[in-house]
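Subject: Structure for you to look at

Hello,

Below is the structure I said I would pass on. My notes on the chain contacts and the symmetry follow it.

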Number of protein chains: 8
Amino acid sequence: IVGIVVGGQSDLRVMNAAAEMLRQFQVPYELTLVSPHRTPHRLVDYAESARKRGLRVIIAGGGGAAHLPGMMAAFTTLPVIGVPINVATSIGGLDSILSMLQMPTGVPVATVALDNASNAAVLAVQMLALSNARLADAMEKYRAALRDKVMRTVDELRKGGLDDI
Amino acid sequence: IVGIVVGGQSDLRVMNAAAEMLRQFQVPYELTLVSPHRTPHRLVDYAESARKRGLRVIIAGGGGAAHLPGMMAAFTTLPVIGVPINVATSIGGLDSILSMLQMPTGVPVATVALDNASNAAVLAVQMLALSNARLADAMEKYRAALRDKVMRTVDELRKGGLDDI
Amino acid sequence: IVGIVVGGQSDLRVMNAAAEMLRQFQVPYELTLVSPHRTPHRLVDYAESARKRGLRVIIAGGGGAAHLPGMMAAFTTLPVIGVPINVATSIGGLDSILSMLQMPTGVPVATVALDNASNAAVLAVQMLALSNARLADAMEKYRAALRDKVMRTVDELRKGGLDDI
Amino acid sequence: IVGIVVGGQSDLRVMNAAAEMLRQFQVPYELTLVSPHRTPHRLVDYAESARKRGLRVIIAGGGGAAHLPGMMAAFTTLPVIGVPINVATSIGGLDSILSMLQMPTGVPVATVALDNASNAAVLAVQMLALSNARLADAMEKYRAALRDKVMRTVDELRKGGLDDI
Amino acid sequence: IVGIVVGGQSDLRVMNAAAEMLRQFQVPYELTLVSPHRTPHRLVDYAESARKRGLRVIIAGGGGAAHLPGMMAAFTTLPVIGVPINVATSIGGLDSILSMLQMPTGVPVATVALDNASNAAVLAVQMLALSNARLADAMEKYRAALRDKVMRTVDELRKGGLDDI
Amino acid sequence: IVGIVVGGQSDLRVMNAAAEMLRQFQVPYELTLVSPHRTPHRLVDYAESARKRGLRVIIAGGGGAAHLPGMMAAFTTLPVIGVPINVATSIGGLDSILSMLQMPTGVPVATVALDNASNAAVLAVQMLALSNARLADAMEKYRAALRDKVMRTVDELRKGGLDDI
Amino acid sequence: IVGIVVGGQSDLRVMNAAAEMLRQFQVPYELTLVSPHRTPHRLVDYAESARKRGLRVIIAGGGGAAHLPGMMAAFTTLPVIGVPINVATSIGGLDSILSMLQMPTGVPVATVALDNASNAAVLAVQMLALSNARLADAMEKYRAALRDKVMRTVDELRKGGLDDI
Amino acid sequence: IVGIVVGGQSDLRVMNAAAEMLRQFQVPYELTLVSPHRTPHRLVDYAESARKRGLRVIIAGGGGAAHLPGMMAAFTTLPVIGVPINVATSIGGLDSILSMLQMPTGVPVATVALDNASNAAVLAVQMLALSNARLADAMEKYRAALRDKVMRTVDELRKGGLDDI
């Protein structure tokens, strides 16, 4: 249901977190490599066939001049979520962020935080949950679990149990 | 179905474009003012009641330390789209962008381009279209119309008809 | 008297310095975790009960889209001091700084230097010292001690005793 | 009780808002010009005599290499609030912000948003309100007034009365 | 011989300077509109047919998330020159610059200065001049003309003739 | 045919990649050191004699105030490609990028991505290929090889063979 | 004694202030145009003959990729003062600042504030005053005059005479 | 003759290079610590007595809100050279650079490259050389030595002797 695409093999380091999060929500996904500049026809094919192949949301990550999410969005009307990646030769991550965020009117990319592929998956689940009661419920439970985890740390802090910080 | 919220009255200048775009897609919306820092309880109420009141997507715009989208997202599991606004005392728009983009894991904000409320609406329609065939079709037509408009300009350029540039 | 709140557990690394400085001034404090996005109701409760619980100043630290100080300030009229934290996925610390500094009129956050939780505590003591002669005196002594420490280094430099640099 | 100092005459354009806000809270203040680089001895005298002259908080504004707040803070232990000002030759306001925000440990400047002298005054009132019940009450009323103003705009929006936007 | 493509109609304001410069060098060119996000197939067609249609260099301009030059380069092996454009909602031009400059290995974009379409044309002529003696000669003359123009201004300055500055 | 020049010895770490890429394309090159600020006359001599010595493209890399590409371009009309280098005392690479990108009209530098000397070589080959069928063919093959390499990774991903990420 | 050089005619708008300041100190100067990229040989000649022609300090201003001060410094051992200029297509002035500030070891440029040609002249006078008692005295008087001007404004503020702000 | 002052002990790591360079030129210097914020009176004393004690140039280094060079310049009319230092909590060095570069008219700081204390010393020598033939000569020799060192590397490159890169 969700297509996760990375612009380069090294982006898998960051983007695997999206897959992991989707598995946690039991959302089927495919994860593959589509280089916008080295395999541009593959990008066209991927985006144009996405809907037919049953994809409903696309998560695309990239660093530097990160054209993958924006060009995916140009070839499909499915929602595209962009994950800017802070690669070694990036300008502090700003190049990745701005080259997917600053899309022109009509073709948005839903951009999430730098290197935060998990959040791209959460956002994808939120979109799918609009018409899927199980996912809507699972999202509430996920949030409750996050809350509980914070509260457990609060308790540990109260008991002075965080000595190792 | 879509809630458009602005952090300050002056943000309406930018955010009205979201309303206009939703009207074009015949998507019902409400547009109101929720100041995260001056009416924080209103923010809690708005976000917590959003789902019950039938909202499915929230579009929130703001400038400077733009906490509205992120805090909306904290109080609801509906997808929240953020529109960074370049206000007069902004640091080139970067403050608005970064304070809604850089959300922690579990609570994403789908951030779009600076001042581009239209794209927030397009993204909202794309989300809704996942379970609404009419909107999916309308989105395809919208894209075709954008394409046609470009092609008309191409024709005018070909004919030399763009003398006044 | 002073409430130190961190947005995430990893922020304790930086924020413990505030607690240490307050201990040095013998100012009572509490230190806890309040995630603005994962435990937003806890944030509301914390801020709204702060005055009643005897807090007079709140020090809040966070990284990325750092909404904790600003939202604390929205729910209380106590002075709130913000400590921007340079987390791993931060845009050079600028996101943290701008998302707490650029607050709208009426709801300021007293922002201090990046990662400088000690200075948040010093500022808190300065505020409390406005009506506490002991603290005013202690602050003068603290400054004198800083001065003396510099002068000892000056002496060592004069004697050529800083060979290991 | 509050000393408002500006680094240059042109800064009055921005800093007068601090005076206006203090008048609204009926907090006595003095407003004067202290150029850190053209009248540095005046800076020393001002800061060192501040406490004796009855000042309890200092608000200092400046643009570019804005040393006024930080050097004020070096010569007094009173809390100093800094207002970064976006002057004509500023680097987008970043120079003003960073040169007052990034103070070393022991000598903080409570920095507020770019050009937001009003917030410096609000923060000063919050500090004074720690030992002044009238001001604490006035601050609550001020916040309520801000809230009410937002709610009136909400009502106007509801009635469609904001045609002129 | 040279294809000038703009991503949006408003970019013509900047990009016409490239056409003007090429006319000055009597280099044939075509100027048209190719929106990478609204007419992505047109982009593919344009780039893939470029060599066959006799183009030897492509000049592509764009603002914001400026994907046009990079995607052109992905679909052709002709040299592509990118002109970053500082549009109204740009982040100081940095988004345009970084999204065309920071291309991955194998698919470069020869990026020139912000809004400097003239220089894209000069660079294109330099490339063509590698195998065209007339252009090589014309380029030398152009440079000499630039030099002479500076020297005329030097003379006017010497004579005090620049009173109106 | 191609002159690769580095501004400092430490830049060889980055710039050797240009030489390696040119060897791969069997394009003759020379690689040497020309410090624009320590050996400025050598810069003049190098640039002015470049054409006569048979050079057709110059690749120049540098960090910080990187004047080498721009000044090379001032003394020759051959195309000059600039490689910004992120040295230890660089401002995130921005100084290197901007000091070669932002050239005035008439004297462009074809700037490529930060630290991406390989792409400077690819761009040089693209320029030479305009009048060299062997290189044009080799460039197509290089691109095909890049494409094939991506596709092999795609296959490995499909087979789950990328366990070690 | 002081050579003021501008990189382009439009820079005179800013750089005339240097001439005006030098006249005020009765320091002889010459003001001319030396384009580093359009008249590079003139740059070499200017810098190499500077000492012989009696120049003792060079003030050089420029915008964008501002190579003039740094290359002047490469061809002479006289002190060179750089004035970064915020031209229309500048990246907020940062390009001009960084391309003259970030010089390599051995060849410094004494960089002053953005667009502040007056300060370049003041710095030049300070250098000359090291061996010129008249100038040392004049500099003290200039500073006193600055101080007096501030104090007059202080008086006017005290009298409430600054109504027009 | 030259006073080298550091704002904090950790800055010695960078600023020792200035002392080393001055020793190379046999220029007498003193090196000491003056914290602008912890020992502000020492700053006043240092700057005001500088001329009387025989100092002719002051080199001041600092990081973050680096007020030392600018405040030194406020209390003396001797030329002050600023060395911005990239400390651990710096915003990429930009805070240090801007808070010493962006000085107001009348009180310049001659700013050199980030962390480049050597260049501050070279600039100081250039200033002193204006009235010292030995130093003028030594500076020429220093430049020649830099040139020779580059040429030796050029030779090694030619011989292929740089295998270890």
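Chain A and chain D make no contact, and their closest C-alpha atoms are 17 Å apart. Chain A and chain G do not touch either: between those two the nearest C-alpha atoms lie 15 Å apart. Please keep in mind that this is a predicted model.

Chain A does meet chain B, with 41 residues from chain A and 41 residues from chain B taking part in the contact. About 3,300 Å² is buried between the two chains, and carbon and sulfur atoms give 57% of that area. The number of salt bridges between chain B and chain A is zero. Polar contacts are present, however: 23 residue pairs across this interface, both residues at pLDDT 80 or more.

On the side of chain B that touches chain A, at least two residues come from each of helix 3 (68–75), helix 4 (94–101), strand 5 (110–111), helix 5 (117–129) and helix 6 (133–158). By residue class, that side of chain B has 26 nonpolar, eleven polar and four charged residues.

On symmetry, two copies of a chain are related by a rotation about an axis and a shift along it. For chain D and chain G, the superposition takes a rotation of 90 degrees with 0.0 Å of shift along the axis, at an RMSD of 0.0 Å. This is the relation of a four-fold axis. Within chain D, D:Gly92 has the C-alpha nearest the axis, at 4.8 Å from it.

Regards

Notes
Residues are numbered from 1 along each chain as its sequence is written. Chains are lettered from A and ligands numbered from 1 in the order in which they are written. This is a predicted model: local features need pLDDT of at least 70, side-chain atom pairs count only at pLDDT 80 or more; totals for chains, interfaces and linings use all residues. Side-chain values use heavy atoms; hydrogens and water are left out. Contact means heavy atoms within 4.5 Å. Buried area is the accessible area (1.4 Å probe) that two parts lose on being put together, summed over both. A salt bridge is a side-chain nitrogen of Lys or Arg within 4 Å of a carboxyl oxygen of Asp or Glu. A polar contact is a pair of N or O atoms within 3.5 Å; within protein, one must be able to donate a hydrogen and the other to accept it, and residues adjacent in sequence count only if both atoms are side-chain atoms. Helices (H or I, at least four residues) and strands (E, at least two) are DSSP runs, numbered from the N terminus. Ala, Val, Leu, Ile, Met, Phe, Trp, Tyr, Cys and Pro count as nonpolar, Asp, Glu, Lys and Arg as charged, and the others, Gly among them, as polar. Copies are superposed by least squares on the C-alpha atoms of residues with pLDDT of at least 70 in both.
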